Amino acid sequence: MAEQITVHVVYAEPERQFVRRLTLPAGSTVMQAIEASGIAQAVAGLVIDPASLGVFSRKAAPEQVLGEGDRVEIYRPLTLDPKEARRRRAHEG
């Protein structure tokens, strides 16, 4: 029998979060885990941006191979540029 790994795929919105625990064949990639999680289908309008993925808060490529216990993270686009947010806070204070 082929070796299996257990990983988590997570995606968060301001009001809710999605966490899926999956068992996949060893050698599975970030994108394969996301596809197997079904999160893209569960979240209306979610478009997976290959440049906005991570494993344990570190940027990850879609073809990156996962290890046992990895946490795949799907990041949302920023709603406000961080520099603009700092400017706004500086003007308020």
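This is a predicted model: local features need pLDDT of at least 70, side-chain atom pairs count only at pLDDT 80 or more; totals for chains, interfaces and linings use all residues.
Reader: Is P25 buried, exposed or partly exposed, and which residues does P25 touch?

Author: Buried means under 20% relative accessible area, exposed means over 50%, and partly exposed is in between (1.4 Å probe, protein chains only). P25 has a relative accessible area of 42%, so it counts as partly exposed. For touching, the rule is heavy atoms within 4.5 Å. Not counting residues up to four places away in sequence, P25 touches E3, Q4 and I5. As for A60, 35 residues along the chain from P25, the two C-alpha atoms are separated by 19 Å.

Reader: How do I read strand pairing, and how many bridges are there between β1 and β2?

Author: Two strands pair if DSSP finds at least two bridges between them. β1 (residues 4–12) and β2 (residues 17–25) pair over 9 bridges in the antiparallel sense. They form a hairpin, with 4 residues between them. To find your place in it, look at T6, which stands opposite T23 in β2.

Reader: What is the strand order in the whole sheet?

Author: Read across, the order is β2-β1-β5-β3-β4, in an open sheet of 5 strands with mixed pairing. β2 and β4 (58–59) are the edge strands, each pairing on one side only. Helix α1 (residues 30–37) packs on this sheet, touching β1, β2, β3 (53–55) and β5 (71–74). Its direction makes about 115° with that of β2; such angles run from 0 to 180 degrees between N-to-C directions, with axes being lines fitted to C-alpha atoms, for helices over the stretch in contact.

Reader: In which sense do β1 and β5 run?

Author: Those two run parallel, joined by 4 bridges. Here H8 stands opposite R71 in β5.

Reader: What about the core: which residues have the most contacts inside it?

Author: A nonpolar core is a set of buried Ala, Val, Leu, Ile, Met, Phe, Trp, Tyr and Cys residues joined through side-chain atoms within 4.5 Å. The largest one has 20 residues, and V9, V30, I34, I39, L66 and I74 have the most contacts inside it. At least two residues come from each of β1, β2, α1, β3 and β5. β1 gives the largest share, 4 residues. Take L66: leaving aside neighbours within four places in sequence, its contacts are I5, V7, S28, T29, V30, A33, V55 and V72.

Reader: Now charges. How many salt bridges are there in the whole structure?

Author: For a salt bridge, you want a side-chain nitrogen of Lys or Arg within 4 Å of a carboxyl oxygen of Asp or Glu. A search of the whole structure finds 2. In one, R16 meets E13 at 2.7 Å, N to O; R16 is partly exposed at 40% relative accessible area, whereas E13 counts as buried at 18%. In the other, E73 meets R71 at 2.4 Å, N to O. E73 is buried, with a relative accessible area of 7%, and R71 is partly exposed at 30%.

Reader: One last thing, the backbone angles. Where does F56 lie, and what is its phi?

Author: The general idea is that most residues other than glycine have a negative phi. F56 lies in the loop between β3 and β4, and its phi is positive, near 50°. S57 lies in the loop between β3 and β4 too, with a positive phi near 65°. On accessibility, F56 is partly exposed at 41%, and S57 counts as exposed at 58%.

Terms used. Residues are numbered from 1 along each chain as its sequence is written. Side-chain values use heavy atoms; hydrogens and water are left out.
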